[in-house]
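Me: I have a model open and a few things to ask about it. Can we go through some residues?

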Amino acid sequence: MLPAAAVFHFPWEINSGAVQEGESVRTFGRLACYDPEVSEATLSAQHASKEHHVVIHTMFVEPFNPIIGAQYIVLGEIENAKGVGVMVRARVLNCVDGVNTALLQKAINEQRSFFRERDHKQSDAAQPAHAT
Amino acid sequence: MQSATMDPAEEPPSMLWGLDPIFSAFARLYVRDILQMTESTQVPVDDGTGVINCLCWKNDLFKEEGGPTKSGEKHSDVAHGSFNLVAELEKLRQAQQRRCRLEIGELLRVRGPVKTSRQQREIMASTYYRVNDPVMSVQIAWMMDVPQLYRQCYDKPFQLQPDATGDSAISSLSKATNLIKDFFKEKSVTRFRPYDVQDLLQPLISSQPQTTPADQKPVAGPSACQQLRQLLKEVLQILQDEGTVYRRVKSQDEVYHVTAHDKDLLIAVKDIIHEDSKRDKYAEKGCHILHILSAVRQRHSLNVSKTALELVLKSLECNSDIVSTSDNHYTVF
């Protein structure tokens, strides 16, 4: 019995509801704020001239040393919380300040396009087998 | 509470540990049991594409010896520039220990064979260690590199290379030589002409793999017949060089004698050694092989090679007809 794999998603994808509740995700962003009393932190990321926020529930990863403005990586499950909306219940929260976010984005896209490529090839190979 | 009796590989998956009420309670254990508790070797690892259990056996070597005081020692008595082996080994042990202390969320590098246990695939880690990756450069490089590896290497089907021309030429030559030698033995051949053995090599020619790759234009090459003759020629040359065969008489008629079955040659060599060993000159030391060779060439055939003579001498020695007195010297037994 193992937990599900946490696939990389961009912060703007998480808020748009692209990820289903209960799914495990990995994402990143700058620590915008942290409220230890309710165990909530917010990561923010810039994309297409917009600021995107992801709410993180930090109960499982406390205590952690919050460095406001630093880049963080979070790994956890998607939850729909009342009044908050989409939230990530963190199992891992690591500070990765200094990370090249543009390069990280590129790497995530590279991996995605590789998997798409592979799935395409596999479905092409399977084509003659199924009737449309 | 049992200490080391349960096989660590048999313990329940770590995800289920929370179901054990004792797990979350502060159990009142004996200190002895606390010190002897087996540590789990399960390390579930997630790389974003899947999660797999890795069995990371903790090395006893890394366990603390003595206690905190030992690890905190400063090596102030070491002279500048000298290399204290004990101190360096201790530093190494500590570094290895630090690298192996794993916590959730850490980046890990794992290497090992994949095994199936409890219907699940696991990695039996032969090597594992924490990776320091403060700005994710290692993870980013991984995500960029691995697709390339797959495209260039892993996803390409494994193809057995067709034999390179060089390889097949060598192997068919040695096969051909052995075929003919076997024929000599089986049929106790004393002498032969090339066409007598030519057909033996036929199967080697027809089974030659196409050396020109399919996508290249076929070049006009030698016919099967020519290939056969060429192979035969090469084999006969090898057999002559080895001394296995020789041409007693060099004439238009290409007749070869098989050295091992040539009774006349054998007798000639034996007689030479017998006679010359009686002479004072050779009585003590025996006859040198070159002397024997020149005598054989005078008496028997100009075309006896040194290698052929060596074969004859060996067989005479095996029969105890002659004996070697020293390197390259022979006399009667």
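Me: B:Glu90, buried or exposed?
Reply: B:Glu90 is buried, at 16% relative accessibility. Buried means under 20% relative accessible area, exposed over 50%, partly exposed in between, with a 1.4 Å probe and protein chains only.

Me: Which residue does B:Glu90 form a salt bridge with?
Reply: B:Arg93, with the closest N and O atoms 3.0 Å apart. A salt bridge here is a side-chain nitrogen of Lys or Arg within 4 Å of a carboxyl oxygen of Asp or Glu. B:Arg93 is buried too, at 10%. Both residues lie in helix 4 of chain B, three residues apart, about one turn of the helix. Helices are DSSP runs of H or I, at least four residues, and strands are runs of E, at least two, numbered from the N terminus.

Me: What sort of model is this?
Reply: This is a predicted model: local features need pLDDT of at least 70, side-chain atom pairs count only at pLDDT 80 or more, and totals for chains, interfaces and linings use all residues. Residues are numbered from 1 along each chain as its sequence is written, chains are lettered from A and ligands numbered from 1 in the order written, and side-chain values use heavy atoms, without hydrogens and water.

Me: Back to helix 4. Where are B:Glu88 and B:Lys91?
Reply: In helix 4 (residues 85–100) of chain B, three residues apart. B:Glu88 is partly exposed at 31%, and B:Lys91 is partly exposed at 44%.

Me: How many salt bridges over all chains?
Reply: 17.
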